[in-house]
Each structure stands twice: as C-alpha cells, then as structure tokens.
Amino acid sequence: MLTGKRVLLRPLERDDLKLIHEWQNDEEVMRLARSQPDHAISMEALAAEFEKVIKGEDLTTRRYGIEEKSSRKLIGWCSILFNAWGKRFTSADVGLAIGVKNCWRKGYGTEVVDLLLKECFGQLNLHRAGWWTYDDHEASIALAKKMGFKEEARLRENVYFDNKFHDTIVLGLLKKEYEKSHS
Ligand SMILES: CC(C)(COP(=O)(O)OP(=O)(O)OC[C@H]1O[C@@H](n2cnc3c(N)ncnc32)[C@H](O)[C@@H]1OP(=O)(O)O)[C@@H](O)C(=O)NCCC(=O)NCCS
C-alpha cells in the first residue's frame with residue numbers, strides 16, 4: 001500500500017474490474033490513456049489481462065488501484081512496468097489513468113506520480129523511470145514535466161487516431177535527478 005495525503009495506491013482486486021472495464025471503454029479516458037479513442041475491451045478480455053496481476057503472479061508489472069482516501073472509492077488505476085527485456089530490473093515505465101473525470105485537474109495525478117516515483121527510486125532502486133505519451137496530450141506532458149521528466153525521444157507519426165498521425169513522446173527521469181530535486 002502506498003499512502004499519500006489524499007490517495008492511496010492499493011493492490012487491484014477482482015471487484016475493481018467492473019469500474020476499470022467502464023473506464024477502459026470510455027472514449028475520452030482512453031483517447032488520452034492509450035491514444036485509442038476506439039479502444040474497446042470485453043470484461044472477459046480485461047479479466048484475462050489482469051488475471052496474473054490479481055493473483056500476484058506478474059513479476060514485470062506492478063498495478064495499483066488509486067483510491068481516494070476520504071471516500072474510499074476507486075478513482076483510477078496506475079502501474080510500474082519494468083523494462084525487463086534485458087532480464088534486469090533497472091528501469092520501468094510509469095503510467096496512470098484517473099477514470100473519474102471530475103477528479104481531473106485537482107492534483108490527484110501529481111500525488112499518484114509522486115508515490116510511484118518514491119516507490120521506483122526509494123524502494124526498487126531503479127535507475128530510470130520512463131513516461132510514454134503523444135504530442136498533443138497536454139495534461140500528460142504537463143504532469144510528467146512537473147514531476148521532473150525530460151523529453152528524450154520523439155517517434156514521428158507513430159500513432160494514428162482522429163484522422164491524423166501523432167508523434168509519440170518518450171520522457172525520462174533518472175534517479176540522480178529525482179534525488180537532486182528532493183534533497
Ligand atoms: C493525465 C492525467 C493523469 C492528469 O491527472 P490530473 O490529476 O488531472 O493532474 P494534476 O491535477 O495533478 O495536474 C498536474 C499538472 O498538469 C497540468 N494539467 C492537468 N491537466 C491539464 C490539461 N488538460 N491541460 C494542460 N495542463 C494540464 C496541471 O495544471 C498541473 O500543473 P500545475 O500544478 O503546474 O498547475 C489525467 O488527466 C488522466 O488520468 N487522464 C486520462 C488518462 C490518461 O491520459 N493518462 C495518462 C497517460 S500518459
């Protein structure tokens with residue numbers, strides 16, 4: 001459990017899937033979260049995707065439910081996805097989605113990323129945290145930069161939606177940069 005002031009990041013439970021299913025079929029949320037306004041997923045496919053995580057058997061991904069402390073309600077989900085292709089756990093991509101839209105722009109994202117980074121650097125001793133988004137996702141880029149991420153790469157016209165190609169933006173934050181800003 002990662003505890004912040006207004007949110008806590010807790011393990012995902014099977015009962016959470018109903019809400020996540022709703023959010024993952026919400027055009028507005030998924031346009032932003034996965035660059036796919038037409039993202040659609042059945043409950044069965046979602047359950048299959050989350051099965052290992054819920055059983056604690058997925059060693060390359062940590063997924064959390066974002067719970068608002070005051071209401072005890074789930075407001076989104078987030079993850080630390082280890083870059084494990086080199087069979088070493090030295091870097092990971094962080095990601096989040098706040099599914100309850102009236103919780104946007106209230107500082108919850110900032111708090112969630114703060115908790116994820118504390119975990120990445122303070123507990124997992126990772127060297128680098130990564131962040132993937134696309135060029136006109138203002139909220140995601142603003143949040144990443146606010147938390148100290150720097151733009152590292154641009155994959156030109158890498159994703160297609162809404163009748164045009166968009167650049168994918170990769171941002172990164174090194175442990176030493178994080179520590180410097182927190183010392
Ligand atoms: C992206 C997302 C996580 C941001 O979370 P949030 O709780 O709204 O973010 P915060 O309120 O903590 O805001 C963080 C910073 O981003 C800025 N910001 C947030 N939304 C913004 C927007 N739509 N346009 C421009 N800036 C924005 C805020 O002003 C704030 O900066 P400030 O503190 O200097 O003012 C949220 O919009 C979301 O979950 N969207 C759907 C899923 C998604 O896109 N996930 C990201 C995938 S990369």
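The protein chain has a mean pLDDT of 94, and 98% of its residues reach 70 or more, where pLDDT is the predictor's confidence in each residue, from 0 to 100. The structure is a predicted model, in which local features need pLDDT of at least 70 and side-chain atom pairs count only at pLDDT 80 or more, while totals for chains, interfaces and linings use all residues. Residues are numbered from 1 along each chain as its sequence is written. Within the protein chain, confidence is lowest in helix 2, at a mean of 81, and highest in helix 4, at 98. Helices (H or I, at least four residues) and strands (E, at least two) are DSSP runs, numbered from the N terminus.

**The ligand and its shell**

Which residues are closest to the ligand? They are Leu32, Gly109, Thr110, Ala139 and Ala142, out of 21 residues that surround the ligand, a residue being near a molecule if its C-beta atom, placed from the backbone, lies within 6 Å of it. At least two residues of this shell come from each of helix 2 (27-34), strand 5 (91-98), helix 4 (108-123) and helix 5 (138-146), and helix 5 gives the most, with 6 residues. Sorted by class, the shell has 11 nonpolar, 6 polar and 4 charged residues; here Ala, Val, Leu, Ile, Met, Phe, Trp, Tyr, Cys and Pro count as nonpolar, Asp, Glu, Lys and Arg as charged, and the others, Gly among them, as polar.

**The nonpolar core**

In soluble globular proteins, nonpolar side chains tend to be buried together. A nonpolar core is a set of buried Ala, Val, Leu, Ile, Met, Phe, Trp, Tyr and Cys residues joined through C-beta atoms within 7 Å. A residue is buried if 20 or more other C-beta atoms lie within 10 Å of its own, exposed if 12 or fewer, and partly exposed in between, with C-beta atoms placed from the backbone. The largest nonpolar core in this model has 39 residues, and those with the most contacts inside it are Ile66, Cys78, Val94, Val112, Leu116, Leu117 and Cys120. Helix 4 supplies the largest share of this core, 8 residues. Leaving out residues up to four places away in sequence, valine 112 touches Val7, Leu9, Ile66, Cys78 and Leu96, where contact requires C-beta atoms, placed from the backbone, within 7 Å.

Strand 1 (residues 2-3) and strand 2 (residues 7-11) run antiparallel and are joined by 2 bridges, and two strands pair if DSSP finds at least two bridges between them. A hairpin of 3 residues connects strand 1 to strand 2, and leucine 2 has leucine 9 of strand 2 as its bridge partner. Strand 2 also pairs with strand 3 (residues 61-68) in the antiparallel sense, over 5 bridges, with valine 7 opposite glutamate 68 in strand 3.

**Single residues**

Two residues other than glycine with a positive phi are set out below.

| Residue | Phi | Place |

Asparagine 125 counts as exposed because it has 10 C-beta neighbours inside 10 Å, and aspartate 162 counts as exposed because it has 11.

Histidine 21, in helix 1 (residues 17-24), is partly exposed because 18 other C-beta atoms lie within 10 Å. Histidine 21 is 25 residues from leucine 46 in sequence, yet the two are 6.9 Å apart in space, C-alpha to C-alpha. Apart from its neighbours within four places in sequence, histidine 21 is in contact with Met43 and Leu46.

How values were computed: Two residues are in contact if their C-beta atoms, placed from the backbone, lie within 7 Å.
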